[in-house]
Amino acid sequence: GTAYALSWVWGISVLAVCWFCCRVGRRDEDPEMEMGAWIWGMLLIPSLFWDHYLVLALPAWFLLITRLAQSGAGEGTLLLAALCWGWISFWFQWFHPENLSGMGLLYLNATLPPALILFFLSARMAKTSPRPAGFTHF
């Protein structure tokens with residue numbers, strides 16, 4: 001009932017953010033950065049975020065770091081993106097079955113905040129940053 005409806009709202013919201021940031025009103029399109037935002041969105045829609053999804057997210061994260069550095073983003077923003085990636089990687093590498101019962105199940109959600117931060121950073125870069133001069137392919 002409610003969980004099913006909320007999952008639809010969540011999925012449509014993620015798609016709306018991607019559509020708005022990547023397609024609506026873009027004049028200096030950056031398809032590589034748009035692809036990165038869509039990858040993060042695609043990984044956030046399913047109810048599970050398995051550790052092997054990090055392989056799919058690696059190009060999107062690398063592209064985000066590259067574009068942040070090229071855009072002159074502050075060191076704090078770059079550090080935030082690096083810490084988020086480290087947080088996601090750490091939690092997936094160190095789950096223990098004994099922690100996955102009762103309140104320990106909350107550990108399964110520990111990667112959501114950093115994944116959301118990386119998604120919104122990517123969406124913002126896809127919306128606001130121009131394609132770097134001379135940078136044609138990822």
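1. Helices α1 and α2 (residues 31-44) pack at an angle of about 175°, and their axes lie 10 Å apart. Because of that angle, α1 is roughly antiparallel to α2, the cut-off for this class being over 145 degrees. The model under discussion is a predicted one.

2. Val 14 belongs to helix α1 and is buried, its relative accessible area being 3%. Apart from neighbours within four places in sequence, Val 14 is in contact with Gly 41, Ile 45 and Phe 119. For Val 14 and Ile 45, which stand 31 residues apart along the chain, the separation of the C-alpha atoms is 7.0 Å.

3. Leu 15 also lies in helix α1, which spans residues 2-22. Its relative accessibility is 41%, so Leu 15 counts as partly exposed. Together with Trp 19, Trp 38 and Ile 45, Leu 15 forms a nonpolar patch on the surface, and the accessible area of these residues together is about 380 Å².

4. The structure holds one salt bridge. Its partners are Glu 32 and Arg 67, with 3.5 Å between the closest N and O atoms. Glu 32 lies in helix α2 and Arg 67 in helix α3 (residues 53-71), so the pair ties together parts that are 35 residues apart in sequence.

5. Glu 32 counts as buried because its relative accessibility is 9%, under the 20% cut-off. Arg 67, at 2% relative accessibility, likewise counts as buried.

6. As to the overall architecture, the protein has five helices and zero strands, and its elements run α-α-α-α-α from the N terminus on. Of contacts between residues at least 6 apart in sequence, 72% join residues at least 24 apart.

7. The protein comprises 138 residues, of which 36% count as buried. Its accessible surface comes to about 8300 Å², with 72% of that area belonging to carbon and sulfur atoms.

Methods
Residues are numbered from 1 along each chain as its sequence is written. This is a predicted model: local features need pLDDT of at least 70, side-chain atom pairs count only at pLDDT 80 or more; totals for chains, interfaces and linings use all residues. Side-chain values use heavy atoms; hydrogens and water are left out. Patches are made of residues with over 30% relative accessible area and no salt bridge: like charges are joined within 9 Å, nonpolar side chains (Val, Leu, Ile, Met, Phe, Trp, Tyr) within 5 Å. Accessible areas come from the Shrake-Rupley method with a 1.4 Å probe; for residues, only the protein chains shown count as cover. A salt bridge is a side-chain nitrogen of Lys or Arg within 4 Å of a carboxyl oxygen of Asp or Glu. Helices (H or I, at least four residues) and strands (E, at least two) are DSSP runs, numbered from the N terminus. Buried means under 20% relative accessible area, exposed over 50%, partly exposed in between (1.4 Å probe, protein chains only). Axes are lines fitted to C-alpha atoms, for helices over the stretch in contact, and angles run from 0 to 180 degrees between N-to-C directions. Angles under 35 degrees count as roughly parallel, over 145 as roughly antiparallel, 65 to 115 as roughly perpendicular and the rest as oblique. Contact means heavy atoms within 4.5 Å.
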